[in-house]
Amino acid sequence: MSNGKKRGGFQKQRFSRKKYCVFCADHTDHIDYKDVNVLQRYVAENYKILPRRMTGTCAKHQRALTRAIRRARHVALMPYTSE
């Protein structure tokens, strides 16, 4: 049953839309750490930063996003953990 094949010779097909970087589409140069509403979209329920493969951001904006979230946590705009 390797390569996603099921019994009987049928293969499971996945159709998903290609993820794109929202910041590149909007031509955003700077991600503001004070804009908590935007940053909340890229944080999981347990306040972990979501990876690129889940959010669809490019590498450049993922680094800027991580920097902004860490900065917002440092100045107590966002929590580090959920309790």
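Reader: To begin, does Phe 23 count as buried or exposed?

Author: Phe 23 counts as buried, at 7% relative accessibility. Buried means under 20% relative accessible area, exposed means over 50%, and partly exposed lies in between, with a 1.4 Å probe and protein chains only. Please note that this is a predicted model, in which local features need pLDDT of at least 70 and side-chain atom pairs count only at pLDDT 80 or more, while totals for chains, interfaces and linings use all residues. Residues are numbered from 1 along each chain as its sequence is written, and side-chain values use heavy atoms, with hydrogens and water left out.

Reader: Which residue forms an aromatic pair with Phe 23?

Author: The partner is Tyr 42, and the pair is tilted, with 5.5 Å centre to centre and 35° between the planes. Rings of Phe, Tyr and Trp (its six-membered ring) pair if their centres lie within 6.5 Å; planes under 30 degrees apart count as stacked, over 60 as edge-to-face and the rest as tilted. By this rule the count is one aromatic pair. Tyr 42 is buried, with a relative accessible area of 7%.

Reader: Which parts does the pair tie together?

Author: Phe 23 lies in helix α1 (residues 22-25) and Tyr 42 in the loop between α2 and α3, so the pair ties together parts that are 19 residues apart in sequence.

Reader: How many helices and strands does the protein have?

Author: There are four helices and zero strands, and the order from the N terminus on is α-α-α-α. Helices (H or I, at least four residues) and strands (E, at least two) are DSSP runs, numbered from the N terminus.

Reader: Which residues make up the largest nonpolar core?

Author: That core has 12 residues in all: Cys 21, Phe 23, Ile 31, Val 38, Leu 39, Tyr 42, Val 43, Leu 65, Ala 68, Ile 69, Ala 72 and Met 78. The elements giving two or more residues to this core are α2 and α4, and the largest share, four residues, comes from α4. A nonpolar core here is a set of buried Ala, Val, Leu, Ile, Met, Phe, Trp, Tyr and Cys residues joined through side-chain atoms within 4.5 Å. In soluble globular proteins, nonpolar side chains tend to be buried together.

Reader: And what is Ile 69 in contact with?

Author: Leaving aside neighbours within four places in sequence, Ile 69 is in contact with Leu 39, Tyr 42, Val 43, Ile 49 and Met 78. Contact means heavy atoms within 4.5 Å.

Reader: Where does Ile 49 lie?

Author: Ile 49 lies in the loop between α2 (36-40) and α3 (52-55). Ile 49 is partly exposed, with a relative accessible area of 26%. Not counting residues up to four places away in sequence, Ile 49 touches Tyr 42, Gln 62, Thr 66, Ile 69 and Arg 73.

Reader: Are Gln 62 and Arg 73, then, buried or exposed?

Author: Gln 62 is buried, with a relative accessible area of 10%, and Arg 73 is buried at 13%. Beyond four places in sequence, Gln 62 touches Ile 49, Leu 50, Pro 51, Arg 52, Thr 55 and Thr 57. With the neighbours within four places likewise left aside, the contacts of Arg 73 are Tyr 47, Lys 48, Ile 49, Met 78, Pro 79 and Tyr 80.

Reader: Changing topic, how many disulfides are there?

Author: The count comes to zero disulfides, where a disulfide is a pair of cysteine sulfur atoms within 2.5 Å. For Cys 21, the nearest cysteine sulfur is that of Cys 58, 3.7 Å away. For Cys 24, the nearest is again that of Cys 58, at 3.6 Å. Cys 21 is buried, with a relative accessible area of 10%, whereas Cys 24 is partly exposed at 37%.

Reader: What does Thr 81 touch?

Author: Not counting residues up to four places away in sequence, Thr 81 touches Asn 46 and Tyr 47. Thr 81 has its place in the segment after α4 (59-74) and is exposed, with a relative accessible area of 52%.

Reader: Finally, how many of the residues of the protein count as buried?

Author: Of the 83 residues, 24% count as buried.
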